[in-house]
Amino acid sequence: MKMTRKGFIFGVLIIGSLIIGGYIGQHTSSSLLSYTISMGFDHEAPLMLDLIFIKLSLGLTLNVSIAQIITLFSAIVLYVIFSRFID
């Protein structure tokens, strides 16, 4: 599968917006932007699989804040606006 310039820019915008949104959400502790929803298996109580000779513990947590949702939406809007000018 060939990676186009538009696809690369879209990926960078999405990842960058999630990182920036996470940073904003983490450092605005007293506002609505820092409200975070956690989903998945928590690391304190992971999914355990005990097969006598090996123990596997699996955990996955997804934290989504309001700031990440806002920056993700703005990155998609910016991509739609500027994608016309990308070859």
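Trainee: Where is Ile52 found?

Mentor: Ile52 sits in the loop between β2 (47-50) and β3 (55-58). Strands are DSSP runs of E with at least two residues, helices runs of H or I with at least four, numbered from the N terminus. This is a predicted model: local features need pLDDT of at least 70, side-chain atom pairs count only at pLDDT 80 or more, and totals for chains, interfaces and linings use all residues. Residues are numbered from 1 along each chain as its sequence is written, and side-chain values use heavy atoms, without hydrogens or water.

Trainee: Why does Ile52 count as exposed?

Mentor: Its relative accessibility is 82%. Exposed means over 50%, buried under 20%, and partly exposed in between, with a 1.4 Å probe and protein chains only. The 82% of Ile52 is over 50%, so Ile52 is exposed. Its backbone stands out too: phi is positive, about 65°, although Ile52 is not a glycine.

Trainee: What makes Leu49, Leu51, Ile52, Phe53, Ile54 and Leu56 a patch?

Mentor: They form a nonpolar patch on the surface. A patch takes residues with over 30% relative accessible area and no salt bridge; nonpolar side chains (Val, Leu, Ile, Met, Phe, Trp, Tyr) are joined within 5 Å, like charges within 9 Å. Together the six residues have about 650 Å² of accessible area.

Trainee: How do you know how far helix α1 reaches?

Mentor: Count its residues. Helix α1 (residues 5-27) has 23, and spans 33 Å from its first C-alpha to its last. The expected span is 1.5 Å times one less than the number of residues. For α1 that gives 33 Å, and the helix is close to it.

Trainee: Which residues of α1 are buried?

Mentor: Ile14, Ser17, Gly21 and Gly25. They pack against β4 (60-65) and α2 (66-82).

Trainee: Why does Ser17 count as buried?

Mentor: Ser17 has 6% relative accessibility, which is under 20%, so it is buried. Its side chain reaches the backbone oxygen of Ile14 at 2.8 Å. A polar contact is a pair of N or O atoms within 3.5 Å; within protein, one must be able to donate a hydrogen and the other to accept it, and residues adjacent in sequence count only if both atoms are side-chain atoms.

Trainee: What is Ser17 in contact with, leaving aside neighbours within four places in sequence?

Mentor: Thr71, Leu72 and Ala75. Contact means heavy atoms within 4.5 Å. Thr71 lies in helix α2. A polar atom of its side chain lies 2.8 Å from the backbone oxygen of Ser17.

Trainee: How do you know whether Thr71 is buried or exposed?

Mentor: Thr71 has a relative accessible area of 14%, which is under 20%, so it is buried.

Trainee: Why does Ile66 count as partly exposed?

Mentor: Ile66, in helix α2, has 27% relative accessibility. That falls between 20% and 50%, so it is partly exposed. The C-alpha atoms of Ile66 and Leu33 are separated by 5.0 Å, though the residues are 33 apart along the chain.

Key. Areas by Shrake-Rupley, 256 points an atom, 1.4 Å probe, with all protein chains shown as cover. Salt bridge = Lys/Arg side-chain N within 4 Å of Asp/Glu carboxyl O.
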